[in-house]
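Please keep the sequence and the model in view while reading.

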Amino acid sequence: MPGRSFCISESPLFVKTIFTGTLCTTFTKLPLALSGGSKANRAPVAGEKELNVKKTVFMKDFAIKCSRFCAGEELVVSSLAPGLRFYNLEKEKMIVLNSLFSHKGLDKKDAVIGGIEVSQKGDMVAAFTENSLGNIGVVNSQSKQMLFELNMNEGCVDAKFGREHQLITAGDRGYVYIWDLRKRAVIEKFKDFGSQTTTAITTIGDFLLTGSKAGYVNMYQSPFNQKSEPIKRFENITTTI
């Protein structure tokens with residue numbers, strides 16, 4: 001799925017409904033606006049100042065927290081409750097995964113999905129919990145089956161798929177983990193430079209950018225190792241990343 005990109009906005013886009021996030025992808029050419037309730041809205045990209053809602057999806061008893069486009073017209077959505085929902089916008093069909101970590105015996109609050117990320121090919125979804133255990137479930141987006149689970153030694157705050165079967169995750173203690181999904185193991189781990197808590201990461205080709213509560217953005221270049229240091233650092237950002 002070459003050229004796939006996402007943009008996130010915390011700003012309200014509509015007058016009647018306040019949306020907590022917007023996700024855009026060049027693959028579908030459709031932005032997705034999420035409400036704090038149970039609605040996901042889809043609108044065409046035409047460059048207008050205001051976007052007209054083309055489709056509204058209501059998910060009963062499922063307060064939407066995060067969503068990503070998978071292959072084609074399918075969405076994967078997480079909530080304040082455990083589990084995921086896959087919704088096909090074209091067929092208007094929904095598949096529910098009630099809980100990814102029920103076998104762990106986690107309390108409901110510990111099984112809540114903190115975030116989700118889709119691989120570049122759209123064939124895998126990584127979903128991580130909000131708890132301090134660092135549970136990461138990798139799901140096949142076609143079969144909707146859990147492939148395997150990864151566990152960090154700290155809470156997971158963000159995840160991004162890298163190149164060559166890699167998943168990159170950031171922990172709440174400021175460490176960055178590089179996973180080989182074929183081996184299902186950590187192959188490298190390093191401390192995010194100058195950061196007590198990494199809050200967000202993103203990947204661009206061979207580059208990795210990390211953000212922190214202190215307002216720093218670090219840029220790293222692969223290959224990564226235990227001694228990885230930023231090749232560029234953006235400082236004096238006054239807000240938390």
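Of the 241 residues in the protein, 45% are buried, where buried means under 20% relative accessible area, exposed over 50% and partly exposed in between, with a 1.4 Å probe and protein chains only. This is a predicted model, in which local features need pLDDT of at least 70 and side-chain atom pairs count only at pLDDT 80 or more, whereas totals for chains, interfaces and linings use all residues. Residues are numbered from 1 along each chain as its sequence is written, and side-chain values use heavy atoms, with hydrogens and water left out.

The secondary structure comprises zero helices and 21 strands; helices (H or I, at least four residues) and strands (E, at least two) are DSSP runs numbered from the N terminus.

The largest nonpolar core has 15 residues; such a core is a set of buried Ala, Val, Leu, Ile, Met, Phe, Trp, Tyr and Cys residues joined through side-chain atoms within 4.5 Å. Strands β11 (124-129), β12 (135-140), β13 (146-151), β14 (156-161) and β16 (175-180) each supply at least two residues of this core. L167 is among the residues with the most contacts inside it. Not counting residues up to four places away in sequence, L167 touches, among others, I136, L150, F161 and W179, a contact being heavy atoms within 4.5 Å. Another core, of 14 residues, lies apart from the largest one and includes C66, C70, L100 and I113.

D180 lies in strand β16. This residue, D180, is buried, because its relative accessible area is 8%. Beyond its neighbours within four places in sequence, D180 is in contact with H165, A185 and I187.
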